[in-house]
Amino acid sequence: MARIAFIGLGNMGGGMAVNLVKAGHEVVAFDLADAALAKAEANGCTRAGSAAQAVADAEAVVTMLPAGKHVREVYESSVIGNAPTSAILIDCSTIDVATARGEIAKAAAGGYVMVDAPVSGGIAAAEAGTLTFMVGGSDEAFERARPILERMGKAVIHAGGPGSGQAAKICNNMLLGASMVATCETFVLARKLGLDLQTFFDIASKASGQCWSMTAYCPVPGVGPVTPADRDYEGGFAAALMLKDLRLAMEAAQSVDAYTPMGSHAEELYTRFAEALGGGGKDFSGIIKMIDDSWKSSSPS
Ligand code: NAD
């Protein structure tokens, strides 16, 4: 049993912290939002009055925050210098590669060992403890973080040195965003060409067009397995978060001069769907309703 500080108990962090409690760890929690903190407390975490208070005496620090600026702020003002240097620092937020590398370097300068460990899997996987963690850091850092991450996920993979977890995450999600758009436009074309969509699914899922966005997450209601499409695109992975990840991918691509035309086009399409058309709260597969032009005639919530 370890004493673990957990900072950021929102949609994802709330479920993850509970899994550490269930594994027998003492979890000292902090969030700026009182409601998130109260929920964590009701689920067995100990409430701290500040992030600095949460990390004092911690053997491990886990953060699950919205974006790079929050991670920078929390580590630089509350974690570094307040947590014991013996604590392993684990940031599970999805942030830009440059900030992840910068914070790991600053932590190392302060005598700490830190990893970036973003996740694949949504709120349900966070609650069920079935996330996939992509970890960036030294071999030693990975081995120290692994036993904690294993209590919150089904797979913990060492992606490489500092920042590699974030690099793997945004590369994966750029592929996912582009393949979802391609899946959506394919099904819209198939319908317009008069194909029965379940029949087309049966064909394409056994042919060379097969991909996860179709076989596991089909954007067409009533076709393939049950997905957010069958719940009017509620739940699942919000289009706003897909847009966030595509923007991080484009920023990273620019920083290394990589040519990513499909990723760039996916970013443009998700910007239109999530922001201009107000679809940000819908599951990312809901972009099919922009592609088939039915979004305007339905009533977005
Ligand atoms: P969220 O907004 O629900 O939770 C973030 C929490 O951090 C909030 O409760 C907020 O109050 C807290 N917070 C912000 N600044 C803080 C500070 N300075 N000190 C303490 N607490 C602070 O977000 P989420 O959906 O839980 O996502 C968290 C991270 O996980 C993001 O980086 C997101 O991109 C990534 N992610 C989310 C999903 C998903 O499906 N929601 C999936 C994979 C990865």
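Tutor: Let us begin with a lining. In this predicted model, the lining of the second largest pocket has two polar and three charged residues, next to twelve nonpolar ones.

Student: Which residues lie nearest the centre of the second largest pocket?
Tutor: This pocket has a volume of about 290 Å³. It is lined by 17 residues. Those nearest its centre are V97, I170, A252, A253 and S255.

Student: Which element gives the largest share of the lining of the second largest pocket?
Tutor: Three elements each supply at least two residues: α5 (97-109), α8 and α11. The largest share is six residues. It comes from α11.

Student: What volume does the largest pocket have?
Tutor: This pocket is the space taken by the ligand. Its lining counts 48 residues, and the closest to the centre are M12, M64, G121, F237 and L241. The space in it is about 1,300 Å³.

Student: Which element gives the most to the lining of the largest pocket?
Tutor: Elements that each supply at least two residues include α1, α4, β7 (119-120) and α6 (123-128). With six residues, the one that gives the most is α8.

Student: Now the ligand. Which residues are the closest to it?
Tutor: The ligand is surrounded by 24 residues. By class, four are charged, eight are polar and twelve are nonpolar. The closest are N11, M12, D31, L65 and K244.

Student: Which element gives the largest share of the shell around the ligand?
Tutor: The space taken by the ligand is the largest pocket. Elements giving two or more residues to the shell are α1 (11-22), α4 (68-79) and α11 (239-255). The largest share is three residues, from α4.

Student: Where does the side chain of K244 come in, and at what distance from an oxygen atom of the ligand?
Tutor: K244 is among the residues closest to the ligand. One of its polar side-chain atoms faces a ligand oxygen atom across a distance. That distance is 2.8 Å.

Student: What percentage of the area of the ligand does the protein bury?
Tutor: Start with the ligand taken alone. It then exposes 830 Å². Of that, the protein buries 86%.

Student: Which elements each supply at least two residues of the lining of the largest cavity?
Tutor: The lining residues are V71, D91, I95, A100, E103, I104, M114, V115 and D116. By class, six are nonpolar, three are charged and none is polar. The elements asked for are α5 and β6 (113-116).

Methods. Residues numbered from 1 in each chain as written. Predicted model: local features only at pLDDT ≥ 70, side-chain atom pairs only at ≥ 80, totals over all residues. Heavy atoms only, no water. Near = heavy atom within 4 Å. Polar contact = N/O pair within 3.5 Å; in protein donor to acceptor, adjacent residues only side chain to side chain. Areas by Shrake-Rupley, 256 points an atom, 1.4 Å probe, with all protein chains shown as cover. 1 Å grid on protein atoms, 1.4 Å probe; cavity = no way out; pocket = protein on both sides within 12 Å on 5 of 7 lines; lining within 4 Å. Sits in = over half its atoms within 2 Å of the grid points. Helix = DSSP H or I, 4+ residues; strand = E, 2+ residues; numbered from the N terminus. Nonpolar A, V, L, I, M, F, W, Y, C, P; charged D, E, K, R; others polar. Points joined across faces, edges and corners; volume = space filled by probe spheres on them.
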